[in-house]
Amino acid sequence: MQTPYIPIFSFYCSLPSLFSQSGKKSELYELKKMAARVEAATMGGGEIDEESDERGSMWDLDQKLDQSMDEEAGRLRNMYKEKKFSALLLLQLSFQSLGVVYGDLGTSPLYVFYNTFPHGIKDPEDIIGALSLIIYSLTLIPLLKYVFVVCKANDNGQGGTFALYSLLCRHAKVKTIRNQHRTDEELTTYSRSTFHEHSFAAKTKRWLEERTSRKTALLVLVLVGTCMVIGDGILTPAISVLSAAGGLRVNLPHISNGVVVLVAVVILVSLFSVQHYGTDRVGWLFAPIVFLWFLSIASIGMYNIWKHDTTVLKAFSPVYIYRYFKRGGIDRWTSLGGIMLSITGIEALFADLSHFPVSAVQIAFTAIVFPCLLLAYSGQAAYIRNHPHHVADAFYRSIPGSVYWPMFIIATAAAIVASQATISATFSLIKQALAHGCFPRVKVVHTSRKFLGQIYVPDINWILMILCIAVTAGFKNQSQIGNAYGTAVVIVMLVTTLLMTLIMILVWRCHWVLVLVFTVLSLVVECTYFSAMLFKVDQGGWVPLVIAAAFLLIMSVWHYGTLKRYEFEMHSRVSMAWILGLGPSLGLVRVPGVGLVYTELASGVPHIFSHFITNLPAIHSVVVFVCVKNLPVYTVPEEERFLVKRIGPKNFHMFRCVARYGYGDLHKKDDDFEKRLFESLFLFIRLESMMEGGCSDSDDYSICGSQNHFKEKNENVATFDTFDSIESITPVKRVSHTVTASSQMSGGVDELEFINRCRDAGVVHIMGNTVVRARRQARFYKKIAIDYVYAFLRKICREHSVIFNVPQESLLNVGQIFYV
């Protein structure tokens, strides 16, 4: 059941609109009836459906008591539109984006032709057909689909599968954990739109929202895409570094393959060992290295075209693709797995989008990356036409001898940069999954104060390193790693296409014809590649499937446990009327101090609180229910982060504070969460006192502080807490008194002094330690998932007390157990 809050930023601005309602006697009776209806539902254990379309009078009451934030939101909304940059600055950002965004895509020429023809070249014309496929693959997928379409679907500059999922969650109620409040939709960064009832978008939205199974299927689709990108974070360093190190054997043929693998492993260990320094420390080197790499491969490509075979340029005609397949043979179809490696890196391109504006990324690709790659592949094809037996080392064999060693150094440096890009993308996706409740709580370290997206996840870093070394040492050659890499990339592409279809319908509201054209063209190309990769599952393609399955199991079990814990809190929460019925002392001894009760609920009293006071007959003089929510937005502005409201009359000294974070926000709750919470609480009390001071004694219907007086002759008066839950309605005897503005203001000051004294006496953080167990009659796979997998993940993940930086001497855990 949704409850009205007071956003600190909008509280003061909304006072005139609140006071303008005073004196409307005709509405009093209707308000009382609605309040009585809510009280009856609460006392009877009923619950008002959040999803109900029949809002009626309940919604009207909520609107009267919870003012909109439209006026203030308009002041901040322009902050999150893509800024206009000068031409010089845009060129500078385009240059810088080369190192972060295009490192992975740019190093593909190291291994594409070898993986396309692992068994040698039988017909020289096949080289032209393969080059034509590479040219049009680069044109259709990275250029047209990703750079000019998918990148436009960013979430306030953020890319990746979870960014697309967040957009969908804001335009349709598809989030599985339903802890959203109406005020969340009024955030500056929320940007939720409405649909015409009979539009195609509205029908799609209703279809998605009808069944929980469809919401779950959408989440699983997102998790599959995320797990495959994590697989890329393992395979990209392996194939890039191994391919670069393989150049040693060209000029030093006596070196064995084992030495090459050893060199690659040493480079990988060094790469993962410096991750904790962050990309900001060495990032200034990335762009020059990759820019020099692109210029080098383009120059060598032009040299090879001029020297060896200019006829390869006829591959720009798509006719040679038709001839390539017409010659038949299963080898030509399976060679698509190698050709697909020419477009690997596009998933990292989208995931690393947050550092640069979309226009800079587009300029960099069209002006530098795309033409340089075309020249590089054309040059290699021209060289292979004259030396088909050199296809295994086509890149290094095609380099002129005078620049071989400088080019080897540049290639190794570029491979390291490419690996860094995918590792950073993996860290970002892990953090997004964590914020959506789909990954165990792991430590996230922010390595840069300038770039908020640059993070380091220690646990994931070492897991990636171990798996990456295992893949490199286990396969020992590019071909099998390439098969695995291609399988992961094509599945990510398919997931992105399906999510983009929903984005075009629900967010962009494109005509169904445009949606159909985009979806069909994308699926035709990607399904073709996917069918070719199926032939290579037994030749290394199984690796990303196993890795993704392991991470998918972890994510699914964790999300299931998180969802069940939230549902348990929802079903076992205590009615606010029961709390208010206990009286000012809550029926207990009120001891000095402040008790912060952490809960996942944004309304109602959590079960841990009732469990606590049932077993311990004492509670602190000030009680604050704290709810930290992760919303499906990239960031929540500082001014809109905290919502505060009062629970019950003033002498109860009970409050609720909701802290809202986006999936890209810094974990400020690690550092100064308690300080920010008390600052917001004090500001709330001051504004509340100002509001009380502006009320008139003669108002028949006035909103003064935390009480509304609904006066009616010869009846009890219902005192309703304006800033409390709609549940919190309790009858009291009629009281007639006059309150002056100065006395109300002094009352606020007195309460501030009281809370400060309680704060000095000590702050205790009360947290629930909920244990989840499977029921006896549950199926065996559910018992394994809950009693073993989820229980193990709970043991190794970070505790809430660590996340909120709670001192151990101030922590109080309340144990409880429930069965699913």
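This is a predicted model: local features need pLDDT of at least 70, side-chain atom pairs count only at pLDDT 80 or more; totals for chains, interfaces and linings use all residues.
1. Residues are numbered from 1 along each chain as its sequence is written. Local features need pLDDT of at least 70 and side-chain atom pairs pLDDT 80 or more, while totals for chains, interfaces and linings use all residues, and side-chain values use heavy atoms, without hydrogens or water.

2. The structure has 0 disulfides (cysteine sulfur pairs within 2.5 Å). The sulfur of Cys438 lies 9.4 Å from its closest cysteine sulfur, in Cys169, which is too far for a bond. Cys438 is buried at 1% relative accessibility (buried is under 20% relative accessible area, exposed over 50%, partly exposed in between; 1.4 Å probe, protein chains only).

3. Helices H9 (residues 125–147) and H20 (residues 358–386) pack at about 170°, axes 10 Å apart, and are therefore roughly antiparallel (angles over 145 degrees). Helices are DSSP runs of H or I with at least four residues, strands runs of E with at least two, numbered from the N terminus. Axes are lines fitted to C-alpha atoms over the stretch in contact, and angles run from 0 to 180 degrees between N-to-C directions.

4. Salt bridges number 15 (Lys or Arg side-chain nitrogen within 4 Å of an Asp or Glu carboxyl oxygen). One of them joins Arg385 and Glu125, with the closest N and O atoms 3.4 Å apart. Arg385 is in H20 and Glu125 in H9, so the bridge ties together parts 260 residues apart in sequence.

5. Glu751 and Arg646 form a salt bridge at 2.9 Å. Glu751 is buried at 5% relative accessibility, and Arg646 is buried at 0%.

Notes. Angles under 35 degrees count as roughly parallel, over 145 as roughly antiparallel, 65 to 115 as roughly perpendicular and the rest as oblique.
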